[in-house]
Amino acid sequence: MSRSSFQQFHWHSQQFGCASNDIDCFYQQLQHQMQRLAMAKQTLGEIAAYPLDLYQSAEPQADKANILISAGFHGEEAAGPWGMLKFLSQLENDIFSQINLSVLPLVNPTGFKAGHRFNQFGENPNRGFAVEDGQAVVSEESSVEGKLLIAHQDLLKTLSRDGILTCHEDVLQHSCYVYSFEPGQAAGAFSTGLRDSLAHYFTLAADNTIDGWNLDKGLIHNHYDSSFESCLVQLGAKRGACSETPALEDFDQRINANCAVMQQFLSVSLKQS
């Protein structure tokens with residue numbers, strides 16, 4: 001079974017009352033949550049008139065952990081950004097007295113609007129984050145979005161110091177799994193906790209290989225490539241993960257699972273801070 005980078009995927013969300021690629025509805029609801037939470041916005045650049053926005057705790061505290069959650073690198077993986085909205089809607093402002101939280105809610109807006117994997121230029125926004133001599137560098141694989149993120153790597157390195165979570169989906173799967181990073185360690189409670197949060201919603205993918213990497217008990221552990229999350233771990237993030245929900249399953253259930261994995265990431269980060 002294969003997937004075209006420009007094959008379109010659209011679903012309908014009952015809980016949000018719109019199509020999965022309704023970008024205007026997404027941005028409207030995102031603005032509402034950011035105003036409610038009073039998070040500070042920084043626009044890292046634009047992609048075809050759409051902003052690549054980063055939101056941060058309005059008043060970060062030096063003695064608190066820094067974590068970053070990102071979604072929407074691939075446009076056909078729409079439950080990540082909508083799960084981010086649900087996650088944000090359940091936060092209260094007192095969370096910012098406990099942890100420094102930053103989010104990249106939608107990295108690939110043109111792919112999201114079209115419902116296909118790559119951006120409108122045919123680029124993969126989650127590849128091309130090469131690391132050389134302790135710095136992220138642009139490569140031939142780097143997308144427009146990737147180049148903007150690499151240009152702001154010092155900021156992103158700081159914001160992800162204590163953890164990075166990126167939420168993805170697999171359009172070929174009925175089951176879930178997690179890429180996890182705990183440098184120098186076997187998969188521990190951080191990795192299994194994120195995996196188990198998804199397993200409340202979907203079955204775990206059977207032991208197998210995915211893209212040539214071993215999947216063991218729902219985890220692909222310490223697999224370093226040119227992805228965004230792998231790059232930030234190589235730049236110094238203490239731990240990281242990429243969650244994968246199954247896009248062959250119900251869309252609202254996937255939204256709920258993405259929200260849950262973000263909540264688990266926040267919870268474990270609070271305990272370890």
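Is α2 mostly covered or mostly uncovered, and how many of its 11 residues are buried? Helix α2 is mostly covered, with nine of its 11 residues buried. The views below come from a predicted model, in which local features need pLDDT of at least 70 and side-chain atom pairs count only at pLDDT 80 or more, while totals for chains, interfaces and linings use all residues. Residues are numbered from 1 along each chain as its sequence is written, and side-chain values use heavy atoms, with hydrogens and water left out.

View 1. Helix α2 spans residues 79-89. Buried here means under 20% relative accessible area, exposed over 50%, and partly exposed in between (1.4 Å probe, protein chains only). Helices (H or I, at least four residues) and strands (E, at least two) are DSSP runs, numbered from the N terminus. The buried residues of α2 include Trp 82, Met 84, Leu 85, Phe 87 and Leu 88. Ala 79, Gly 80, Pro 81 and Gly 83 are buried too. Together, β5, α2 and β6 make a right-handed β-α-β unit. A crossover is right-handed if, with the strands pointing away from the viewer, the path from the first strand over the helix to the second runs clockwise.

View 2. Five of the five residues of β6 (residues 100-104) are buried, so the strand is largely enclosed by the rest of the structure. Asn 100, Ser 102 and Leu 104 are buried on one side, Leu 101 and Val 103 on the other. Two strands pair if DSSP finds at least two bridges between them. With β4 (residues 50-56), β6 pairs in the antiparallel sense over two bridges. With β5 (residues 66-71), β6 pairs in the parallel sense over five bridges. Ile 67 stands opposite Leu 101.

**View 3. Tyr 55 in strand β4.** Tyr 55 lies in β4. Its bridge partner in β6 is Val 103. Tyr 55 counts as buried, at 7% relative accessibility. Met 39 is 16 residues away along the chain, yet the two C-alpha atoms are separated by 5.9 Å.

**View 4. The eight-stranded sheet.** Eight strands form an open sheet of mixed pairing, in the order β3-β4-β6-β5-β9-β14-β10-β13. At the edges stand β3 (40-47) and β13 (219-221), each with a single partner strand, so one side of each is left without a neighbour in the sheet. Neighbouring strands are turned by 20 degrees against each other on average, direction ignored. Axes are lines fitted to C-alpha atoms, for helices over the stretch in contact, and angles run from 0 to 180 degrees between N-to-C directions.

**View 5. The largest pocket.** About 480 Å³ of space lies in the largest pocket. A pocket is an open set of points on a 1 Å grid over the protein atoms alone, where a 1.4 Å probe fits, with protein on both sides within 12 Å along at least five of seven lines; lining residues have an atom within 4 Å of a point. The lining has 31 residues, and Asp 170, Tyr 177, Tyr 179, Ile 210 and Asp 211 lie nearest the centre. Elements that give two or more residues to this lining include β9 (164-170), β10 (177-181) and α7 (228-234).

**View 6. Two loop residues with positive phi.** Most residues other than glycine have a negative phi. Asp 211, in the loop between β11 and β12, has a phi near 50 degrees. Asp 211 is exposed, with a relative accessible area of 68%. Lys 217, in the loop between β12 and β13, has a positive phi of about 55 degrees. Lys 217 is exposed as well, at 54%.

Definitions and conventions. Points joined across faces, edges and corners; volume = space filled by probe spheres on them.
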